[in-house]
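Subject: Structure handover

Hello,

Here is the structure I promised to pass on. Please open it alongside this note. My findings follow below.

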Amino acid sequence: KMKKNIFISAALACVAFSSCQQENLGGNGAELDGFRVHTEDMTKAVLDGVKVVFENEDAIDIYADAAETPSVYSYNKANDLFVATGTEVEGEEYTAVETGLQEKAANEEYELAGFLAEYQAYMRDWVRFLITARKEPHILSRFESFRAIDLDEYSDQTRADMTAYFHHRLDEKLSGFENKDEFISRLTESGENVFTYAECICDNIIEDIDLGKVKELTLYPIPKGIQSLFANTLDRKFNSTGATYTLRDYEDFWQEPLGMIIASETPLPISTLKQLMGWRNNQLRKFRSALSTLLTESDGCLQAFHRSFGEWLDKEGTPYYSSTEDGASALAELCFEQYETDMESLDEYMLLNLTKLLRKTKMKKEYERVTGDKDFIERIFDTEEKYYDKNLLYKAMTYCDELIAIFKDYTTEDVYGAYSLVRSYSRKGDILKTICHYDEAMRYFETCLELCGKIVEKYPENPDCLLRYSLSFDKVAGIYEERNRLDEALTLY
């Protein structure tokens, strides 16, 4: 496990490598086999260059798994970090970090894409980044000044990589079959240069071989393209000769919870899914076993193994259509039902996402009921404070952001709402100050100061109001002091 000073929340993959290797990116990726990771050197290079220091190794929440084998074959699933290891090449030591990250709408200013675009120019000159991403404007627009490599122009190399991947995954399993090379050529052709296809169909083939379902490779059906593969993978369980279940079973048992997983903005905790659906362990096992190649588990949470699977499910006309909109509505309704039944039973996922889901699905009456419940709101504050005290700043900030979203339109007529907003702004400013984002911290502290001033005007004799007003002056002054603007700091103090 690696958890050290890396601030990540971005579906972009990143490779950092030494300048002496940057000219050797051609071919089928075999050059990556010699990379060696030096986490401390890499961390120091980045931190020295951008002057951002995360004091505690758990300050940023990143889930990481170390791969024991060298290589380009450490293919990653979202939210996992795989580290390629190897030996020295020609006396040089190489640094490579290969990450699979998922873009989040929340905390957008802290995503890895923004971090690299803003600070890359300030890093040590031997640090290089290779960033791979979909052709989506919100990612690509950040890197317009960077040299672009369009992988569509390297189809021959991609085909070679896919063929190598198929051999790596399947050679041992196919050793007793004839026409193995021809079979792998058919797989490569049908995959249309999409590695998501390669990963998924390899899982299916290995499962079929283990179950004794493959007799002759020439007769094995190979779907053409990723969308046909998704349909084929589900047909194997719900709509084929010998399938364990039927399409009706899918609609009755799998469709809604699958839609909930796809609709969730963050990976859905397995315990939350089980609680919301009212499942026992056997029912959860049944759900997961039928979708084992299409869902991935990371840190006790479930998500689609690739974003394209969720997009395919959300298209009307798809035989296994599972609407993201319906999934969000189901999540909102079930979380609210849990709240109504027993507010104390809400886990952290529900606590953070209930109000988000009610806003998203426009359940206005339920939203007003929940946001007017001070006990519920204080539970959010308590959870945020717990993570802040543990120096898990990114997690704390997610709760701050939701509290700000809840109270941003409150006025001084509602003292509790107004001060809830002050508390949230103040804590977010504290977090930003801790990670040296002084300009942003100042904006939040100044907003607190302005809001507290309005409250004091309305309640000039209230000691709590005066205390919070005083603390707001103190926080703004603290930023001036950090920047050595001592006269301005002294005035505020």
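D439 counts as partly exposed, because its relative accessibility is 47%. Its side chain meets that of R483 in a salt bridge, 2.3 Å from N to O. The pair links distant parts of the chain, 44 residues apart. D439 sits in helix α18, while R483 sits in the loop between α19 (463–482) and α20 (486–492). R483 is also partly exposed, with a relative accessible area of 35%.

Please keep in mind that this is a predicted model.

Overall picture

The protein chain has 493 residues, and buried residues make up 47% of them. Its secondary structure comes to 20 helices and 8 strands. The accessible surface is about 25,000 Å². Carbon and sulfur atoms account for 47% of that surface.

Side chains of opposite charge can pair when their charged atoms come close. The count here comes to 22 salt bridges. Two of them involve helix α17 (residues 415–434).

Take R427 and E384. Their side chains meet in a salt bridge at 2.7 Å, N to O. R427 belongs to helix α17 and E384 to helix α15 (residues 374–389). R427 counts as buried, because its relative accessibility is 17%. E384 counts as buried because its relative accessibility is 4%.

Now K428 and D401. They form a salt bridge, with the closest N and O atoms 2.5 Å apart. K428 lies in helix α17 and D401 in helix α16 (residues 393–407), so the pair ties together parts that are 27 residues apart in sequence. Is K428 buried or exposed? It counts as buried, because its relative accessibility is 4%.

There is also a network. Salt bridges link E207, D208, R236 and K237.

Surface patches

Which residues gather in a patch of negative charge on the surface? They are E256, D314, E316, E325, D326, E333 and E337. Helix α12 (residues 324–341) gives the largest share of the negative patch, with 4 residues. E325 lies in that helix, α12. E325 counts as exposed, because its relative accessibility is 62% and the cut-off for exposed is over 50%.

A nonpolar patch is on the surface too. I149, L151 and Y154 form it. Together they have about 280 Å² of accessible area. I149 lies in the loop between α3 (137–140) and α4 (155–170). I149 counts as partly exposed, because its relative accessibility is 38%.

Back to helix α18

L451 is found in helix α18 (residues 438–458). L451 counts as buried, because its relative accessibility is 13% and buried means under 20%. What does L451 contact, leaving aside its neighbours within four places in sequence? The residues are T412, A418, L421 and V422. L451 and T411 are 40 residues apart in sequence. In space they are 9.1 Å apart, C-alpha to C-alpha.

Best wishes

Conventions:
Residues are numbered from 1 along each chain as its sequence is written. This is a predicted model: local features need pLDDT of at least 70, side-chain atom pairs count only at pLDDT 80 or more; totals for chains, interfaces and linings use all residues. Side-chain values use heavy atoms; hydrogens and water are left out. Helices (H or I, at least four residues) and strands (E, at least two) are DSSP runs, numbered from the N terminus. Buried means under 20% relative accessible area, exposed over 50%, partly exposed in between (1.4 Å probe, protein chains only). Accessible areas come from the Shrake-Rupley method with a 1.4 Å probe; for residues, only the protein chains shown count as cover. Contact means heavy atoms within 4.5 Å. Patches are made of residues with over 30% relative accessible area and no salt bridge: like charges are joined within 9 Å, nonpolar side chains (Val, Leu, Ile, Met, Phe, Trp, Tyr) within 5 Å. A salt bridge is a side-chain nitrogen of Lys or Arg within 4 Å of a carboxyl oxygen of Asp or Glu. Lys and Arg count as positive and Asp and Glu as negative; His and the chain ends are not counted. The place of a charge is taken as NZ of Lys, CZ of Arg, CG of Asp or CD of Glu.
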